[in-house]
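These are my notebook entries on a structure that I looked up piece by piece. I wrote down each thing as I found it.

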Amino acid sequence: MPAPAHPASAAVAVGGIDLGGTKIEAIVTDASYKVLGGARHPTPTTGGPADVANAMAAALTEAAKAASLEPSQLRGIGVGSPGTVDAAAGTVSRADNLPGWYASFPLAAALQSALGTKIALGNDVSVATNAEFVLGAGRPYRSLLGVFWGTGVGGGLILDGQPWHGRGGAGEIGHTVIVQDGRHCPCGRRGCVEAYAGRAAMEARARKLHAGGTKTKLFELATEHHRDRLTSGIWERALEHGDKLATKLIDRAVSALGAGIASAVNLLDVEAVIIGGGLGVRFGEPYRVRIAAAMAPHLFLDSRPPAVHVAALGDLGGALGAALLVER
Ligand SMILES: [Zn+2]
């Protein structure tokens, strides 16, 4: 077996995999979470959990190679996964955005046998929130709410320095009800924040209005840029073009986020709110300001609003948070 190129780092290097609905982000870091190598692969759209696990192993192997390491030399690999994660059992079930993943699948065991080192599982949004708390925009605070504004609207909580999972399902800011009997949410209920602000829900709304005759450049732009979905980039371009429908839907999303986040702050009085996710990171600073302004009228203690930041780790937050799981 050839000696590793960086023998000193091999003993302490860790891996992190962020399993998303569209992409798998894998990284290898040193002990201070500096990225030594990374790889990004598309998430399989067909097959089942075993195929997704194979794609994850391939991405991590490529990331390790970029760091001149073998996966088996890593101290461990953390995985941030969507769906219902049982960290102790090493299983994931009901990952609705992944192909054929309804029943419980032993993801930790599958990856451990493919990669030859121990695997730690966590929920994707809670690990990304923890990454911002330990390494990113949340470092100055003891309590914070992470809001991941993307396909859905995910949330994670740090209370008094500790991740708060409740009975396993805490942090669902996206399913905070802001309109009773309001718009249909992808979760099957009505009036949730995500029904107004989630990328998938906004796309469904835009399609319906467009089919009913409302003019918009959104779908032309998607075709032009070879996208079968209205990605964050397509929404951004439509806004730049002054598209009326896109502007209206995004304005509604911002006001929904403001009401939902302010309600969570009224309950928990966290010191800071960190805005991440595909839309949150892409829209960045101007939307941080807009969301903070949309929160203001709903804050009970309006004389001392929480700090609001854009996620500092950007797209890598999920993979870095996964790598942090190895330490725990
Ligand atoms: Zn919902």
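Before anything else, I noted how the elements are named: helices (H or I, at least four residues) and strands (E, at least two) are DSSP runs, and they are numbered from the N terminus. I also reminded myself that this is a predicted model.

**Entry on the cavity**

I looked up how many cavities of 30 Å³ or more a search of the whole structure finds, and the search gave one. For the largest cavity I wrote down a volume of about 40 Å³. Which residues line the largest cavity? I listed Arg-183, Ala-195, Tyr-196, Ala-201, Met-202, Arg-205, Leu-249 and Arg-252. Turning to the elements behind this lining, I found that α5, α6 (199-211) and α9 (244-268) each supply at least two residues, and that the largest share, three residues, comes from α6. Sorted by class, the lining of the largest cavity has five nonpolar and three charged residues, with no polar ones.

**Entry on the zinc ion**

Next I looked up which atoms hold the zinc ion, and I found that His-175 (ND1), Cys-185 (SG), Cys-187 (SG) and Cys-192 (SG) coordinate it at 2.0 to 2.4 Å. The angles among the four donor atoms run from 103 to 115°, and the site is tetrahedral. I checked this against the cut-off: four donors count as tetrahedral if all angles lie between 85 and 135 degrees. Along the chain, the donors of the zinc ion follow the spacing H-x9-C-x1-C-x4-C. The pair of His-175 and Cys-185 links distant parts of the chain, 10 residues apart, and both residues lie in the loop between β10 (162-163) and α5 (193-197).

Is Cys-185 buried or exposed? I noted that Cys-185 has a relative accessible area of 6% and is therefore buried, as buried means under 20%. His-175, with a relative accessible area of 27%, is partly exposed.

**Entry on the sheet**

Last, I traced an open sheet, in which five strands follow the order β10-β9-β8-β11-β12 with mixed pairing. At its edges stand β10 and β12 (307-310), and because each has a single partner strand, one side of each is left without a neighbour in the sheet.

Definitions and conventions. Residues numbered from 1 in each chain as written. Predicted model: local features only at pLDDT ≥ 70, side-chain atom pairs only at ≥ 80, totals over all residues. Heavy atoms only, no water. Donors = N, O, S within 2.8 Å, 3.2 Å for Na, K, Ca; no water. Tetrahedral: all angles 85-135°; square planar, octahedral: opposite > 155°, others 65-115°. Buried < 20%, exposed > 50% of the residue type's maximum accessible area, 1.4 Å probe, protein only. 1 Å grid on protein atoms, 1.4 Å probe; cavity = no way out; pocket = protein on both sides within 12 Å on 5 of 7 lines; lining within 4 Å. Points joined across faces, edges and corners; volume = space filled by probe spheres on them. Nonpolar A, V, L, I, M, F, W, Y, C, P; charged D, E, K, R; others polar. Pairing = 2+ DSSP bridges.
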